[in-house]
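Here is a brisk report on one structure. Look over the sequence and the model first, then read on.

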Amino acid sequence: MDSQHWNQTIEDNPIANHLVGFHSHAGRKGVSNSADVDGLNAKDVSSLVTNLLYCLEIHPVAQGSLCDDLPKVIDAIGEDMVEDDRLRSLLKAAIIHQADDKTLWDVVLAFITATLTATHTATTASPGTTAPKRSASPIVHTTAGMVNTAEFHRYFDDLLEQELENKLHLASAGFLESFFPSRTYQSVAERFHARCMAGEEPAFNVETHSYESWPNPADEERVVAWLEDFITRLEEFSRPDFPTDISNQRAVLGLPHTYIEGHVAKRKLDACFVSAADQETAMGTLTYFWSQVLGAAELKENIVDEKTAELALGQYSRISLTAQVTRRYVLGFTLCGPLMRVWLFDRQGGIASERININKDPLQFIKVILGFLWMSKEDLGFDPTIKGPDFTLDGPDISDEMKQYIEIKKQDGEDKHIVLDEVISKISCVVGRATTCWKAHVKGHPEEILVVKDTWQNKTRPSEGDMLLLAESGEVVNVARHYHHETVQIRGMDDDILTCVRRGLTVTAWDHAQHGTNGSRTPSRTLLQELRNRETTSTNETGSGLHPQKRVCYSRPTDDAIEPPTELPNRVHRRVIVRDYGKAIYKASSRVALLACIEDCIKGHQSLYKAGILHRDISINNLMIREETATDQTEKGFLIDLDLAIQSNRPDTESDATERSQRTRTATRASTAIGVIEGEEHTFLHDLESFFWVLLWICIHYGKSGNESRIMPKYEKWHYVDNDDLNCRKKNTLTRHADFKNAANDFMPYYKPLEPWINELRELLPQVVQVSGMVFCEGKLPKSPGDDLYLKMIKTLQKAQQDPVVLAD
């Protein structure tokens with residue numbers, strides 16, 4: 001950009017309009033003048049400067065060469081490569097900025113130039129030195145042909161890594177005995193080990209106390225080959241002691257160079273256990289699927305790589321839990337050199353056994369392998385309450401006898417056989433609610449369509465089933481109707497994490513330093529850098545998997561100390577069945593149908609709120625439309641998922657406040673209201689704002705009937721940037737017409753006619769949001785339940801449905 005154009009662009013675009021979010025962020029940290037900057041700690045300084053640069057990144061001045069430079073500077077700040085004095089100088093210039101925009105831009109430009117020069121010098125190593133460098137994440141296997149949707153999931157995996165880092169624990173000494181009991185495996189292990197020590201060329205050397213053929217060095221390929229041979233011989237030896245039906249037999253596969261199919265992102269794993277039947281089926285094609293993986297193994301040559309191995313195993317567990325919808329938890333192991341550790345990943349995180357040196361404790365090693373070969377599917381983590389054939393069948397001609405089913409006893413004592421027709425949705429995660437939904441029907445009554453929903457709720461939360469019953473008693477409309485709910489029972493107890501899944505094991509905090517592992521890792525390439533790289537490559541890519549991912553992180557436990565088991569966070573497996581079936585709102589067959597669905601859902605939300613229930617999770621996944629089964633007497637749109645709902649008309653007790661402070665919370669970031677992200681108490685106003693975000697997201701990412709879905713890199717960032725940056729982006733879109741217009745320019749062609757009506761909805765929001773500290777203005781919370789805003793939004797949607805341009809499909 002030449003100097004004349006530079007100066008003209010600055011003059012035409014006042015910088016103050018882009019710094020609203022920055023000054024709001026600074027104000028929350030108590031910074032209003034340059035003296036306040038001196039009192040900040042280094043972390044807050046870096047956070048504020050990063051937020052400032054994010055706000056400047058979308059300024060027209062930054063759309064030239066600075067568009068490439070700003071991401072590099074932001075990454076350098078994130079890696080502590082920028083001097084503190086330089087950061088504070090820029091921060092002071094932005095804080096005291098008055099009207100001279102050119103001066104501030106000159107300061108910004110000088111800061112960028114100095115930072116890039118310094119980082120270039122630091123990262124260009126002279127001979128004999130080692131330059132700091134970034135390595136690709138060790139938990140992701142990248143290839144030149146990886147598609148962009150696969151990269152999206154790779155970013156999600158990085159977020160999961162951060163999540164698991166705080167939720168990995170070392171179990172008590174009883175872990176191995178609980179899952180690999182001596183009464184079942186000890187005798188076989190002793191006899192097999194005795195055979196290994198016998199003969200002229202024993203497999204196990206008693207004098208050195210090690211396996212003769214154990215590879216040295218223990219590189220992954222050689223260890224995989226050793227494991228395959230060892231486990232195959234153990235399986236053949238132990239077969240007479242266990243069921244011989246092929247359906248009960250398992251085999252180990254060494255797959256260090258083979259992609260496992262059945263997931264958006266293709267991945268390799270070192271070794272895994274599968275059923276012998278699946279192994280036989282795949283012999284011809286050598287194609288294996290994540291739905292077949294019963295237990296995964298991650299191998300490393302040295303113990304210093306144990307942390308990398310365990311996080312990789314966590315990634316594989318997430319995929320297995322997603323591909324196998326009836327899986328409650330996953331068992332696997334890491335093998336770093338000769339040191340094994342068994343892991344269990346469940347909806348609360350992961351717990352690990354003590355280390356097993358396979359040479360020094362061969363009996364325990366053999367018992368673990370026997371367990372993976374012969375333990376029941378229930379012990380492997382499959383849900384025994386979901387019965388019947390485990391076939392991946394689909395279509396109207398499949399008989400009920402060939403489908404999975406559950407048995408329930410309704411509150412009136414009547415037994416029901418519920419046939420599971422197909423999986424509707426499955427949330428991909430390890431830690432969290434992991435909601436799974438099936439389309440279902442009562443056996444013998446296919447016309448009676450139901451939806452079965454399984455979730456792992458925080459045990460202290462009210463049951464969604466109770467919330468649905470409360471809603472029905474309050475004459476609520478346009479909300480999924482209750483059929484049945486229960487807490488799933490396994491082995492005669494509530495299926496919760498601490499008692500049922502983890503079998504009452506106590507845990508201690510996981511610390512690699514305490515367990516002899518080098519826990520440090522080379523800093524991985526930042527998410528934002530890779531997202532930006534994608535944005536410069538393509539801004540209009542198509543693909544699947546556009547559902548906004550669930551991300552925690554609006555509140556965290558204030559005390560991370562490990563408590564006794566009864567005090568640890570706990571989740572419980574709950575099952576809800578409702579009588580309403582529909583499809584996701586983005587699959588609406590027309591623009592009018594989409595608007596009518598939003599209208600119906602807002603009416604449903606209002607009726608919930610009048611009945612004393614606040615939904616608190618308005619998202620693209622929770623607004624449903626029924627077009628095929630709707631009649632003139634039924635509404636097309638309805639709300640689902642009261643997992644996060646609360647009774648808004650019930651005063652908090654002291655226990656409520658304590659429980660809330662200890663509970664983390666997930667939400668769909670793309671549709672979450674700005675104030676909620678900032679930590680405000682959730683109100684009906686936030687939910688009404690979320691309806692706006694849902695509609696905006698659909699118009700940008702989907703075509704008619706949900707077809708031609710695409711990924712837009714600049715909106716994909718919304719899932720990964722920090723909360724301050726996300727709010728900066730959202731505030732600008734909501735409060736500045738020019739920024740909304742930029743978003744509207746990204747609408748899919750089919751939804752372009754909705755732009756003026758969505759803009760009208762946007763303009764309604766600032767007139768009513770008057771909660772102190774929120775985005776739009778200061779004031780007091782309205783005493784009314786928001787009827788005026790409900791009515792205005794509904795009227796706007798009704799007018800839009802009459803617009804000839806909208807009607808002209």
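## Overall make-up

Of the protein's 809 residues, 54% count as buried. Buried means under 20% relative accessible area, exposed means over 50%, and partly exposed lies in between, with a 1.4 Å probe and protein chains only. The model is predicted: local features need pLDDT of at least 70, side-chain atom pairs count only at pLDDT 80 or more, and totals for chains, interfaces and linings use all residues. Residues are numbered from 1 along each chain as its sequence is written, and side-chain values use heavy atoms, with hydrogens and water left out.

The protein holds 27 helices and 30 strands. Both are DSSP runs numbered from the N terminus: helices are H or I with at least four residues, strands are E with at least two. Residues 24 or more positions apart make up 74% of the contacts with a separation of 6 or more. A contact means heavy atoms within 4.5 Å.

Strand β13 (residues 405-409) runs antiparallel to strand β14 (residues 415-426), joined by five bridges. Two strands pair if DSSP finds at least two bridges between them. Ile408 has Lys416 in β14 as its bridge partner. The two strands form a hairpin with five residues between them. In that turn, Gly413 has a positive phi of about 90°.

β14 also runs antiparallel to strand β15 (residues 436-442), through seven bridges. Val423 is bridged to Trp438 in β15, and Lys426 stands opposite Thr436. Seven bridges then join β15 to strand β16 (residues 445-458), again antiparallel. Here Thr436 stands opposite Asp454. The hairpin of β15 and β16 has two residues between the strands, and Gly444 takes a positive phi near 85°.

How many residues of β15 are buried? Seven of the seven are, so β15 is largely enclosed by the rest of the structure. Both faces are covered. Thr436, Trp438, Ala440 and Val442 lie on one side, with Cys437, Lys439 and His441 on the other.

## Helices α10 and α14

Helix α10 (residues 182-197) packs against helix α14 (residues 362-374) at an angle of about 120°, with the axes 9 Å apart. That makes α10 oblique to α14. Axes are lines fitted to C-alpha atoms, for helices over the stretch in contact, and angles run from 0 to 180 degrees between N-to-C directions. Angles under 35 degrees count as roughly parallel, over 145 as roughly antiparallel, 65 to 115 as roughly perpendicular and the rest as oblique. The crossing of α10 and α14 is right-handed. A crossing is right-handed if the near helix is turned clockwise from the far one by less than a right angle, and left-handed if anticlockwise.

On the α10 side, the contact residues include Tyr185, Val188 and Phe192. On the α14 side, they include Leu363, Ile366 and Trp374. The residues of this contact divide into nine nonpolar, four polar and two charged. Ala, Val, Leu, Ile, Met, Phe, Trp, Tyr, Cys and Pro count as nonpolar, Asp, Glu, Lys and Arg as charged, and the others, Gly among them, as polar.

Buried residues of α10 include Gln186, Ala189, His193 and Cys196. Their cover includes β2 (204-205), β3 (210-211), α11 (220-238) and α14. Gly199 follows α10 and has a positive phi, near 90°.

## Helices α4 and α23

The axes of helix α4 (residues 42-57) and helix α23 (residues 723-735) come within 10 Å and cross at roughly 30°. The two helices are therefore roughly parallel to each other. Their crossing is right-handed.

Ser47, Asn51, Tyr54, Cys55 and Glu57 in α4 meet Asp724, Asp725, Cys728 and Arg729 in α23. These contact residues divide into three nonpolar, two polar and four charged.

## A three-strand sheet

An open sheet has the order β24-β26-β27, with antiparallel pairing. β24 (583-584) and β27 (637-639) stand at the edges with a single partner strand each, so one side of each is left without a neighbour in the sheet. Strand β26 (residues 623-625) pairs with β27 over three bridges. Ile625 stands opposite Gly637 in β27. Helix α18 (residues 591-610) lies across β26 and β27, at about 40° to β27.

## Thr115

Thr115 sits in helix α7 (residues 101-123). Is Thr115 buried or exposed? Thr115 counts as buried, because its relative accessibility is 1%. Neighbours within four places in sequence aside, Thr115 is in contact with Val73, Ala76, Val82 and Arg86.
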